Amino acid sequence: MRYQPNPIQARTISQARETLTRQCAGRYGVTLTPEPELPTLGPKNVMDWRYGIHDRELTARRGYQVDDAQQARYDAALRAQAKLPRPSPDTAVVVSGTKLPPDVLAAAGPEAQKGIVAGKPVPESGCGGEAQRTLGTTTQGVSPLVARLMTASYPQSMKEPDVKRVFAQWSACMRERGFHYNAPMDANDDPAFRPSPEGVTHKEIATAVADLDCREAHHVAEVWHAAETRLQNQAVTQYATALATDLRALDHTLTTAQQIVTTKS
């Protein structure tokens, strides 16, 4: 949906928010060290797995799980992140304001508990809140309406006649191979295929390979995507006025974010 930022734009918004937050914190004598970005984990984009697995080589090795090398890099980054020094309670007030967990706020200094650091009042919701107000978004550029429509179109698409038809074909194809599921995501979400220390089982790989074969044989992803696109286009027409407002707000956020990131560079 064109009413939400793409991955590159979302990253620009995040970078701008971090820059603004650090600049604001500097006014209170606080130096914020940005946390390193975590490596990518999972699909290359949000659509890749919206309709199920797609990578045959990965499926043959890992079933429904993410790439093992990718997972290892992500886990290592999380461990390194956990070793970084935690911000002091006063710093937490500077970043987020006084609406903190009671134990965190209670550990801050008397003045900080009142929202005053270095003799100056902290902005509402802290420097993070000030950054969001400057960018004009509290939700990374995705309006509540856009988020609601994107969320709603997914289950709605599974009720479309052509999608139900290919799901039935997929299910029959799976039964022929000895696997019993009514819909593709039932296999993908099978609790038996949760990550475990023992690794990926032969049963999971066999199920996932059959799943992918049956998807391809009956063009499940293509039919499903076309149905959801239809529904989203209908929603765009229905909410045209509100979405036009949201798009202008997103454009403002992106322009502001780009200017901040470019100036920083």
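Ser125 is found in the loop between strand 2 (120-121) and helix 7 (126-135). The model is predicted: local features need pLDDT of at least 70, side-chain atom pairs count only at pLDDT 80 or more, and totals for chains, interfaces and linings use all residues. Residues are numbered from 1 along each chain as its sequence is written, and side-chain values use heavy atoms, with hydrogens and water left out. Helices (H or I, at least four residues) and strands (E, at least two) are DSSP runs, numbered from the N terminus.

The phi of Ser125 is positive, near 60 degrees, in a residue other than glycine. Ser125 counts as partly exposed because its relative accessibility is 39%; buried means under 20% relative accessible area, exposed over 50%, and partly exposed in between (1.4 Å probe, protein chains only).

Within helix 7, the buried residues are Gly126, Cys127, Gly128, Gly129, Ala131 and Leu135. These buried residues pack against helix 1 (7-26), helix 4 (89-96) and helix 13 (240-264).

Arg27 lies in the loop between helix 1 and helix 2 (56-62). With residues up to four places away in sequence not counted, Arg27 touches Lys120, Pro123 and Glu130, where contact means heavy atoms within 4.5 Å. The relative accessible area of Arg27 is 41%, so Arg27 is partly exposed. A distance of 9.8 Å separates the C-alpha atoms of Arg27 and Val94, which are 67 residues apart along the chain.

A positive phi, near 50 degrees, also occurs at His219, a residue other than glycine. His219 is located in the loop between helix 11 (202-217) and helix 12 (220-238), and its relative accessibility of 47% makes His219 partly exposed.
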